[in-house]
Amino acid sequence: MLDQLRQGDVITVTKYDRLARSLRDLLDIVDTIQAQGAGFRSLAEDIDTTTPAGRLVFHVFASIAQFERERISERTREGLEAARKRGRVGGRPPALSATQKAEVCRMRDQELRPLPEIAQLFRVSVKTIRRAS
């Protein structure tokens, strides 16, 4: 789309955060649009960068959106850290207990039983059997 822009074109999006993943990316895209003599318009926020006031509103909204994304990320990290301090560990529970892993390793390494057979006995995938240490 950016390669086919012509002087006077206006790129219209439903929401400005749909155009880019980060504030820096969004600003770079809008700069590229403006450098080619085109404009940018967001319907939801009623932003039109073909006017000075529209450019100001665009930068303010883009900064607020970036701030909100960073706050969400920060709150998520804080929540995970608090959960770890309480002894909670995220992620999927292990498919095999420590005892089962030891048995898998014995069957695999000492008895040299086929991996699919061991996997069937423990009702796990062959990949899980390979990863057992």
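Me: How far does helix α1 (residues 23-35) reach from its first C-alpha to its last?

Reply: This is a predicted model, in which local features need pLDDT of at least 70 and side-chain atom pairs count only at pLDDT 80 or more, whereas totals for chains, interfaces and linings use all residues. Residues are numbered from 1 along each chain as its sequence is written, and side-chain values use heavy atoms, leaving out hydrogens and water. Helix α1 has 13 residues, and the expected span of a helix is 1.5 Å times one less than its number of residues. The reach of α1 is close to that expectation, namely 18 Å.

Me: Where on helix α1 do its buried residues lie?

Reply: Buried means under 20% relative accessible area, exposed over 50%, and partly exposed in between (1.4 Å probe, protein chains only). In α1 the buried residues are L23, L26, L27, I29, V30 and I33. Seen down the axis of α1, they fall within an arc of 160° (taken from the directions from the helix axis to the C-beta atoms), so they line one face of the helix.

Me: Which residues form the aromatic pair of the structure?

Reply: Rings of Phe, Tyr and Trp (its six-membered ring) pair if their centres lie within 6.5 Å; planes under 30 degrees apart count as stacked, over 60 as edge-to-face and the rest as tilted. The structure holds one such pair, with 5.6 Å centre to centre and 70° between the planes, which is edge-to-face. One partner lies in strand β2 and the other in helix α2, so the pair ties together parts that are 18 residues apart in sequence.

Me: What is the radius of gyration of the protein?

Reply: The protein has five helices and three strands, in the pattern β-α-β-β-α-α-α-α along the sequence. The radius is taken over C-alpha atoms, and the globule rule is 2.2 Å times the number of residues to the power 0.38. For 133 residues the rule gives 14 Å, so the protein, being well over that, is more spread out than a compact globule. Its radius of gyration is 27 Å.

Note on methods:
Helices (H or I, at least four residues) and strands (E, at least two) are DSSP runs, numbered from the N terminus.
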